[in-house]
Amino acid sequence: MKLYSLSVFYKGEPKAVLLKAAYDVSSFSFFQRSSVQEFMTFTSQLIVERSAKGSRASVKEQEYLCHVYVRSDSLAGVVIADSEYPSRVAFTLLEKNPREADPMSKVQAELDETKIILHNTMESLLERGEKLDDLVSKSEVLGTQSKAFYKTARKQNSCCAIM
């Protein structure tokens, strides 16, 4: 079960325009990868151009399945996967936000948010610790200066006799 391509298009009147795409061509040989990626882009664009607005379709090509969903606002998504990849999951991925479609990615997103909050909290704690260290060193300096002032004041007051 493998997902090879996920593409987002805008279905214009003469042609479909590729907005964003992600590919996983790691299972192909190094020299085939660019050709395979170009073929996936071309196939996805052609399927979007030939699909009606508001429609869903699956096209089989050898052992690959191309799932397309064209929304009524002309935004289209195409998933290219192997024939074992469930079409229900592919269409769920196309119709919904990926974080909503896959519970694992939703949990991962929540973990990422928690990690960011924890990181920010740790940074603020470290900053507070540095500020506390600065205050401690300043208070030590003030303590030393006050002792010196006290000794100087005693010496100056001891030379004079008060009657």
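Strands β1 and β2 run antiparallel and are joined by seven bridges. This pair belongs to a predicted model, in which five strands form an open sheet with antiparallel pairing. Helices α1 and α2 lie across strands of the sheet, α1 across β1, β2, β3, β4 and β5, and α2 across β1, β3, β4 and β5. The second largest pocket draws the largest share of its lining from α1.

**Sheet order and edges**

- The strands follow one another in the order β2-β1-β5-β4-β3.
- At the edges of the sheet stand β2 (16-23) and β3 (55-61), each of which pairs on one side only.
- On average, neighbouring strands of this sheet are turned by 15 degrees against each other, with direction ignored.

- Four residues separate β1 from β2, and the two strands form a hairpin.
- In β5, Ile80 is the residue opposite Ser5.
- The pairing of β4 with β5 (residues 75-82) is likewise antiparallel and extends over seven bridges.
- Here Leu65 has Ala81 of β5 opposite it.

**Helices across the sheet**

- Helix α1 runs at about 45 degrees to β1 (3-11).
- Helix α2, which spans residues 87-95, runs at about 35 degrees to β4.

**The second largest pocket**

- This pocket has a volume of about 190 Å³.
- Its lining consists of Tyr4, Phe28, Val36, Phe39, Met40, Thr43, Glu61, Gln62, Tyr64, Cys66 and Ile80.
- The elements that contribute two or more residues to this lining are α1 (33-50) and β4 (64-70).
- Four lining residues come from α1, and this is the largest share.
- By class, the lining comprises eight nonpolar, two polar and one charged residues.
- Ile80 links two parts of this description: the residue is part of the pocket lining and stands in β5 opposite Ser5.

**Annotated span**

- An unreviewed UniProt entry places the feature "domain: Longin" at residues 8-96.
- Within residues 8-96, 30% is helix and 38% is strand.
- The end C-alpha atoms of residues 8-96 lie 13 Å apart.

How values were computed
Residues are numbered from 1 along each chain as its sequence is written. This is a predicted model: local features need pLDDT of at least 70, side-chain atom pairs count only at pLDDT 80 or more; totals for chains, interfaces and linings use all residues. Side-chain values use heavy atoms; hydrogens and water are left out. On a 1 Å grid over the protein atoms alone, a cavity is a set of points where a 1.4 Å probe fits but cannot get out, and a pocket is an open set with protein on both sides within 12 Å along at least five of seven lines; lining residues have an atom within 4 Å of a point. Grid points are joined across faces, edges and corners, and a volume is the space filled by probe spheres set on the points. Ala, Val, Leu, Ile, Met, Phe, Trp, Tyr, Cys and Pro count as nonpolar, Asp, Glu, Lys and Arg as charged, and the others, Gly among them, as polar. Two strands pair if DSSP finds at least two bridges between them. Axes are lines fitted to C-alpha atoms, for helices over the stretch in contact, and angles run from 0 to 180 degrees between N-to-C directions. Contact means heavy atoms within 4.5 Å. UniProt positions are given in the numbering used here, feature names are shortened, and annotations may be inferred rather than shown by experiment.
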